[in-house]
Structures are given as C-alpha cells and as structure tokens.
Amino acid sequence: MAKMMDITDKLTFGENPRLRIKDEELEVHADTATVLKIMELLGNGDTGPQEVIRCADLLLGEESRAKLETLNLPFTDYMMVINQAMTLVTGTDGDEEGTGGDPTTT
C-alpha cells in the first residue's frame, strides 16, 4: 500500500492574508495564479513604475487599492506596503509590522 499523508489541516483554502495600516485593512491576493504572474513580471529584474503599478493591481485588487490611495502615502511608504504584501504571499521573512519574522503569525 502506498504511503499517504493528509495535509488538509495545513492548508488555508483561499483565505487571503491582510495588511493593516492605521484603521484600514487591505486584503492581499495570495492565490497561485496571482503570485506566479507577479513572479513572471518581476523575474527579468527590470522593475520600473509600470511593474510596480501592475504588482499593486494584482496583489491588492480594486477595493484594497482604493483604500490604499485614500491614505495618500509617500512613495517610500507605498513601496513598503507593496513589499510587505509580497512578503505575505511568498512566505519570505518579514511580518505584518515590517520588522522581520514569520509572516504567518498575527
């Protein structure tokens, strides 16, 4: 008989992570198709304004992007939001406060 491992309890089944900024919560799209599109977009190493905009569109979606725009953040803060969203969906180090650590903890 073949070996079997049930990993059901380890899966999130589509629950998207969120970023909190002040009183706003931004849903971050973490589905495989979105993350693969972002990886392809950024894979060539040429990251300019169009790539940043496209990443924000893919990661945040319309509702979260609208919330983000109302915050009127400086560019460096905006880039921090995009970078932290990427951290959430890729599982690299960082946390919801941007200080490093496990992004899966809340």
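Is D57 buried, partly exposed or exposed? D57 is partly exposed, at 29% relative accessibility (buried is under 20% relative accessible area, exposed over 50%, partly exposed in between, with a 1.4 Å probe and protein chains only). This is a predicted model, where local features need pLDDT of at least 70, side-chain atom pairs count only at pLDDT 80 or more, and totals for chains, interfaces and linings use all residues. Residues are numbered from 1 along each chain as its sequence is written, and side-chain values use heavy atoms, leaving out hydrogens and water.

**Salt bridges**

- The count comes to four salt bridges (a side-chain nitrogen of Lys or Arg within 4 Å of a carboxyl oxygen of Asp or Glu).
- One of them pairs D57 with R65, with the closest N and O atoms 3.0 Å apart; R65 is partly exposed at 23%.
- Salt bridges with shared partners join R18, R20 and E25 into one network.
- In it, E25 meets R20 at 2.7 Å between the closest N and O atoms, and R18 at 3.7 Å, N to O.
- E25 is partly exposed at 28%, as is R18 at 44%, while R20 is exposed at 54%.

**Nonpolar surface patch**

- M5, I7, L11 and F13 make a nonpolar surface patch of about 460 Å².
- Patch residues have over 30% relative accessible area and no salt bridge, with like charges joined within 9 Å and nonpolar side chains (Val, Leu, Ile, Met, Phe, Trp, Tyr) within 5 Å; accessible areas come from the Shrake-Rupley method with a 1.4 Å probe, and for residues only the protein chains shown count as cover.
- F13 is exposed, with a relative accessible area of 61%.
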